[in-house]
Amino acid sequence: MIDRCRKIRADILAISHKSGHGHIPTCFSVVEALVAVYSTIRHDPLRPDWPERDLFVLSKGHAALGHYCTLAEFGYFDVAEVERFGGFDSRFGCHGDRLKVPGIEVSTGSLGHGIGVAVGMALAEKIKGSGRRVVTLVGDGESNEGSVWEATMVATDRGLDNLTIIYDHNQSQRRCLQIPNPGERFAAFGCAVSEENGHDVAALSETFKTRHAKPHAVIAHTVKGYGCKTLVDEVFAWHRRSPDADTLARLMEELDARAV
Amino acid sequence: MRGRFKQTVTALAEADSRVVVLLGDISVYQFNDFQKRWPTRFYNLGILEQALISVAAGLSAQGMHPFVHSIAPFLTERSYEQIKLDLCYNRFGANIATCGASFDYAWDGATHHAYSDLAILRLLPGMDVLQPGSEAELETLLRSEYANGRPTYFRLSDHPHAIDTGPTRFGEGIVLKRGNGGVTVMTAGPLLGNVLPAVEGLDVNLVYFHTLKPIDAGLVAAFADTRVLVVHDAFGLREAVNEVAGLRTWYHGLPDAFCGWYGTLHDIRKRLGLDAPGIRAAVERLLAA
């Protein structure tokens, strides 16, 4: 794990402990993907409304804490501001609000929505003939929703080669509706498909830079809770749970163990 | 009314390159010329109402003025959460224009009837809800509201009235008749074609709306000292009118039941007492009460 991702995970743990909120394991599975996205798209943290920027839509909105900590790491705001995460009048809710947080392009939360909006954004940029790209991150659980596949069909039917769909294949649905072969599904729906280790920032970044003649689905093979053994071993117990002080110390130790 | 819709949207597209049409595989023939003229601004996306709304939100986010058009129950009830979140909560404006409501597809049965659309869309913060009754009203409202930056619902009708209701202004109700009998009939949309003849010669006020949200609360309040009979072939107007406190209202419209008949709009209106004689009888009952 690169230091930048370790730092973001430490921020997620500390803020979850302090606020009592956050889906830690799902945030941990997408940290590398988020870092790779913001390392490759055109954006300017000092000008979040820059008209030429590429667009990132977090469709699995419950990874908001991971998104906030990544945006902070890239300079959109000070991570200390996120500490009141989920607080009554905080800007930083447990699901992101585009009108409150710079860098959030679409307010998401209910699953299966962000990808459809991202498809509309990509279509708009094609109409305008701009070179802007749209990247969206969907969860494997989220992909139980039919709307994910409606959006994917539209994207491929319209040849949106400016759209990248990152699929967080963290096995979150193994107790109900797990999609066993997401790469085959996206290929069958007409996408160009890449399969990557979702915890390899360099590999993900290379993949995101590659352009294809059709929408690009990147299957990010990830581990829910990646970075802390406890979270990986007890993934369902930790789905939406915050650590107390002792547990936080233990999780920080696991994160620093550099076993991963 | 769909013809006028197409004509007006085409005129808007001519003047404004941000106008984009998204169809749910309905009215495609109507838009043949549009598609030929502006192939990159016309998309018959398919029969996927959730995606239609979400894609419209994304287009709006990037500065376009989308018109989404499909059949009323599917585009509003199936996609309600997309309208609520992707449009309203995100403050992405878009125009939703439906056909088929209330009983325009009477023969297709309850799966294709839509009488809750106006009521449920009124509940969404930031949403404008329009039920133009005539083609002239539709054109005026399309032209004035298509780029207002808010999610805006235009409920088209295959049976518009042709009554000249005077100047059409967004958000304003219209008094079509004044009386001294202490009863005010309030109605909206194409049903005016039945309501106006129904109250002929009766000593009542008649107030008509094409905009259900925002409702013209000031105009409603002006009749608060009368008994108000809401006559509507949908849900939504009664709720809008009752936002004004202190009213005494009655409702002549739909039952709390599926309307399990087929036939035509006129057959179902007649069964519900929403043909002119049925409406007149309801008004007379209230006058006599």
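**The sheet of chain B and its helices**

Guide: Helix α1 (residues 2-15) of chain B lies across β1 (19-23), β3 (65-71) and β4 of chain B, and runs at about 165 degrees to β3(B). Helices (H or I, at least four residues) and strands (E, at least two) are DSSP runs, numbered from the N terminus. Axes are lines fitted to C-alpha atoms, for helices over the stretch in contact (heavy atoms within 4.5 Å), and angles run from 0 to 180 degrees between N-to-C directions. This is a predicted model, in which local features need pLDDT of at least 70, side-chain atom pairs count only at pLDDT 80 or more, and totals for chains, interfaces and linings use all residues. Residues are numbered from 1 along each chain as its sequence is written, chains are lettered from A and ligands numbered from 1 in the order in which they are written, and side-chain values use heavy atoms, with hydrogens and water left out.

Helix α3 (residues 49-61) of chain B also lies across β1, β3 and β4 of chain B, at about 170 degrees to β3(B).

These strands belong to an open sheet of seven strands in chain B, with the order β2-β1-β3-β4-β6-β5-β10 and mixed pairing; two strands pair if DSSP finds at least two bridges between them. At the edges are β2 (42-44) and β10 (211-213) of chain B, each pairing on one side only. On average, neighbouring strands of this sheet are turned by 20 degrees against each other, direction ignored.

Within the sheet, β4 (residues 94-99) and β6 (residues 151-155) of chain B run parallel and are joined by five bridges. Ala94(B) has Pro151(B) as its bridge partner in β6(B).
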